[in-house]
Amino acid sequence: MSLISTNQGRRQFLTQSAAVTAGLLLPGWAVADNVPKTAKGNNAASGDTHKVGAAIKFGKDVQETLKKINDYEATFTKKELVGKKLLSTEMFVKFREQPFSVYLKYLNPHGGREVIYVAGKNKDKLLAHGEGITSIVGTLKLKPDSKDAMDDNRYPITMFGMSKLVATLVQQWEEDEKHDDCVVKFFPNAKLDKVDCKVVETSYPKQVSHAKFHLTRLYVTKETGLPARVEQFGFAAAGAQLPIIEEYTYTNVKTNVGFGDLDFDTENQAYGF
């Protein structure tokens, strides 16, 4: 049997993660009892109850901060429930707002895999290659929303980035505002690992048809005003922990780096394409 069957090897790489999405969690950053960790000596864990409009304003304030960011690099980690599997991936990321450009290098698992997507280039397809033996297949060109690209992802790469992540939350809360059973709390002195954050949390006391998630949190760093983490939990069975649906985290963020076209080009000699 050969090391790689062209079709089988190609298919295996595609379905196991040729494309990437928008979204995350770092080891050790789990929130105990689904309450944000808070700075010692304050009462932030109690939270203050607000209307959904306050969460929307919080999100829009973050959007205003993001308008000042042209590009950034970061370590990006995501946890996503895809089908019945909770998948976790850590990547190094380069992102540019205009034109919409994404470079991803997998760190764990599948260290060495790379993905590039630039809106309007390469016939609007993402370019990807695997690591190790799978790299023999070469650079793959995939439609971002194709079945192969979406097999291990909740969202297409066209939805990647802080801006679209926060915009999605704002839209979610605008839908929540149409109902009167969504509970909103703020945690002004939360901590994510050692990072001081402000957190807005929305939740539904009981499962209802209009609730997309049971509980949602947006962590924003006090220092930069940028999103550090988004958590989305589903409804739990009696006596069970809340199931994670989505977690997206940005760390080691450097903004307005000044990326050029070569940072999102397979001809970049620093890349493995």
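1. Let's start with Thr75, which is buried, with a relative accessible area of 13% (buried means under 20%, exposed over 50%, partly exposed in between, with a 1.4 Å probe and protein chains only). Please keep in mind that this is a predicted model, where local features need pLDDT of at least 70 and side-chain atom pairs count only at pLDDT 80 or more, while totals for chains, interfaces and linings use all residues. Residues are numbered from 1 along each chain as its sequence is written, and side-chain values use heavy atoms, with hydrogens and water left out.

2. Thr75 sits in strand S3, residues 71–82 (helices, H or I of at least four residues, and strands, E of at least two, are DSSP runs numbered from the N terminus). Not counting residues up to four places away in sequence, Thr75 touches Glu90, Met91, Leu107, Thr249, Tyr250, Thr251 and Asn252 (contact means heavy atoms within 4.5 Å). Thr249 is 174 residues from Thr75 along the chain, yet their C-alpha atoms are separated by 8.2 Å. The side chains of Thr75 and Asn252 make a polar contact at 3.0 Å (a pair of N or O atoms within 3.5 Å; within protein, one must be able to donate a hydrogen and the other to accept it, and residues adjacent in sequence count only if both atoms are side-chain atoms).

3. Next comes Tyr248, in strand S13. Tyr248 is buried, with a relative accessible area of 1%, and a polar contact of 2.6 Å joins its side chain to that of Glu80. Between the C-alpha atoms of Tyr248 and Ser88 there are 9.9 Å, although 160 residues separate the two along the chain.

4. Tyr248 also belongs to the lining of the largest cavity: among its 14 lining residues, Tyr155, Leu165, Thr168, Glu246 and Tyr248 lie nearest the centre. On a 1 Å grid over the protein atoms alone, a cavity is a set of points where a 1.4 Å probe fits but cannot get out, a pocket is an open set with protein on both sides within 12 Å along at least five of seven lines, and lining residues have an atom within 4 Å of a point. The cavity's volume is about 130 Å³ (the space filled by probe spheres set on the points, which are joined across faces, edges and corners). Helix H4 (162–176) gives the most to this lining, with five residues.

5. The largest pocket holds about 330 Å³ of space. Its lining has 15 residues, and Val195, Thr221, Thr224, Tyr250 and Val253 are the closest to its centre. S10 (195–203), S12 (227–233) and S13 (244–255) each supply at least two lining residues, with the largest share, five, coming from S13.

6. Asn153 lies in the loop between helix H3 (147–150) and H4. Asn153 is buried, with a relative accessible area of 7%. Its side chain makes a polar contact of 2.7 Å with the side chain of Lys78 and reaches the backbone oxygen of Ala149 at 3.0 Å.

7. Finally, the largest nonpolar core has 45 residues, with Phe160 and Leu218 making the most contacts inside it (a core is a set of buried Ala, Val, Leu, Ile, Met, Phe, Trp, Tyr and Cys residues joined through side-chain atoms within 4.5 Å). Another core, of seven residues, lies apart from it and includes Ala190, Val199, Tyr219 and Ala228.
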